[in-house]
Amino acid sequence: MMLGAANSTGLNMPLADFLDFAARLKVRFVEIKMDEPYLLSALSKTKIRKSTKDIVKSFNFKYSVHAPYIGINLASMNQTLRKASEKSILESIVFAADIDAKMVVSHVGRLSRDYPKQMITQSLKNTIPCLRKLTNASKNHGIIFTIENDHRSNDQILAGYPEQLTFLIQEAGCKFTLDVGHANTITKIETFIDTLAEHIVNLHLHDNDGEQDTHLSLGKGNINFSAVLASLRKAGYNGPLTVEVHSSTGLKESVTLLRHTFGERVHPFGNKGSLRVYKTDPQKRVLKNEG
């Protein structure tokens, strides 16, 4: 398994700074979450995209891209919003190809609690063609498209339970990112592994109390990560372990716990012991809001 980390809006950290931080953690894998405003700009503005690519390429990580999810909803009953969501995820797939990422992670979305439950069927009918289109677009770029399981919500979730995810994966032909923290708010995590093992290609790790999606440091909630990782190994999983904790202190604590408790190996980066290989001028790393 390959130890990794994901950025988040809660870190309030420019991409270059986060990648420097990840390098100091000596992880091998980084998942870039595209909801940061400057990363959203990189999806549509050529100049910002190029500078972002230069930053990414100056590090020796393996990458995945997490498509935007804030305000994104492939399950929306509003076709205009649904198509806009699809377009944003398609742009993320192109961005992933530009930075040689091999995987894209996407949320499916939810049906608003204001709609009656019987409308879930129509919402699913609307969502599946979007997922198929995104899966095929990813394949055309040599990228694996994955959907992520949702957490407990007051809205009606379409991709939270193992049986829902099995249906969507079979219909869309995509793969699965297992978010362990999200799964803990739904049912036993081992149920997800037992049901979906053959589809799991990525893992999100964070902790909670089983009630709310709080993205705590590993060990701060009630998840038994020893049991979870043992189940994954037994199922033959050998992909990324992506720590998705929403604080820098929590990320560091969690990476240290995984490395020391579960035997994750340290992999140095760069040339001659350096953590980073600078291919661009380090003074020009910070992104600005360029037009």
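Q: Which residue in E4 does histidine 66 stand opposite?
A: In this predicted model, the residue opposite histidine 66 is valine 105 of E4.

Q: And how do E3 and E4 pair, parallel or antiparallel?
A: Strand E3, which covers residues 62–66, pairs with E4 in the parallel sense. Two bridges make up that pairing.

Q: What unit do E3, E4 and helix H4 make?
A: Together they make a β-α-β unit, and its hand is right-handed. Helix H4 spans residues 79–98.

Q: Which other strand is joined to E4, and over how many bridges?
A: Strand E6, residues 144–148, is joined to E4 by four bridges. The two strands run parallel. One of the bridge pairs brings methionine 103 together with isoleucine 144 in E6.

Q: Are the faces of E4 buried or exposed?
A: Both faces of E4, residues 103–106, are covered. Met103 and Val105 are buried on one side, and Val104 and Ser106 are buried on the other.

Q: Changing topic: how many helices and strands are there in the protein chain?
A: The protein chain has ten helices and ten strands. Its radius of gyration is 18 Å, close to the 19 Å that the globule rule gives for 291 residues, so the chain is as compact as a globular protein of that length.

Q: What box do the C-alpha atoms fill?
A: Taken along the principal axes, the box is roughly 60 × 45 × 30 Å.

Q: What share of the residues is buried?
A: Of the 291 residues in the protein chain, 53% are buried.

Q: And the accessible surface, what does it come to?
A: The accessible surface of the protein chain is about 13,200 Å². Carbon and sulfur atoms account for 48% of that surface.

Q: What about contacts: what percentage comes from residues 24 or more positions apart?
A: Among contacts in the protein chain with a separation of 6 or more, 77% come from residues 24 or more positions apart.

Q: On to salt bridges. How many does a search of the whole structure find?
A: The search finds ten salt bridges. One of the residue pairs involved is lysine 50 with aspartate 54, whose closest N and O atoms are 3.3 Å apart.

Q: How far along helix H3 are lysine 50 and aspartate 54 from each other?
A: They are four residues apart in H3, which spans residues 46–57, so about one helical turn separates them. Lysine 50 is exposed, at a relative accessible area of 54%. Aspartate 54 is partly exposed, at 27%.

Q: Which residue does lysine 57 meet in a salt bridge?
A: The side chain of lysine 57 meets that of aspartate 100, with an N to O distance of 2.1 Å. This pair links distant parts of the chain, since lysine 57 is in helix H3 and aspartate 100 is in the loop between H4 and E4, 43 residues apart. Lysine 57 is partly exposed, with a relative accessible area of 27%. Aspartate 100 is also partly exposed, with a value of 46%.

Q: And what is the N to O distance for aspartate 150 and arginine 110?
A: Their side chains meet in a salt bridge at 2.7 Å, N to O. Aspartate 150 lies in the loop between E6 and strand E7 and arginine 110 in strand E5, so the pair ties together parts that are 40 residues apart in sequence.

Q: Is aspartate 150 buried or exposed?
A: Aspartate 150 counts as buried, at 9% relative accessibility.

Methods. Residues numbered from 1 in each chain as written. Predicted model: local features only at pLDDT ≥ 70, side-chain atom pairs only at ≥ 80, totals over all residues. Heavy atoms only, no water. Buried < 20%, exposed > 50% of the residue type's maximum accessible area, 1.4 Å probe, protein only. Pairing = 2+ DSSP bridges. Right-handed = clockwise from strand over helix to strand, strands pointing away. Rg over C-alpha atoms; globule rule 2.2 N^0.38 Å. Contact = heavy atoms within 4.5 Å. Areas by Shrake-Rupley, 256 points an atom, 1.4 Å probe, with all protein chains shown as cover. Salt bridge = Lys/Arg side-chain N within 4 Å of Asp/Glu carboxyl O.
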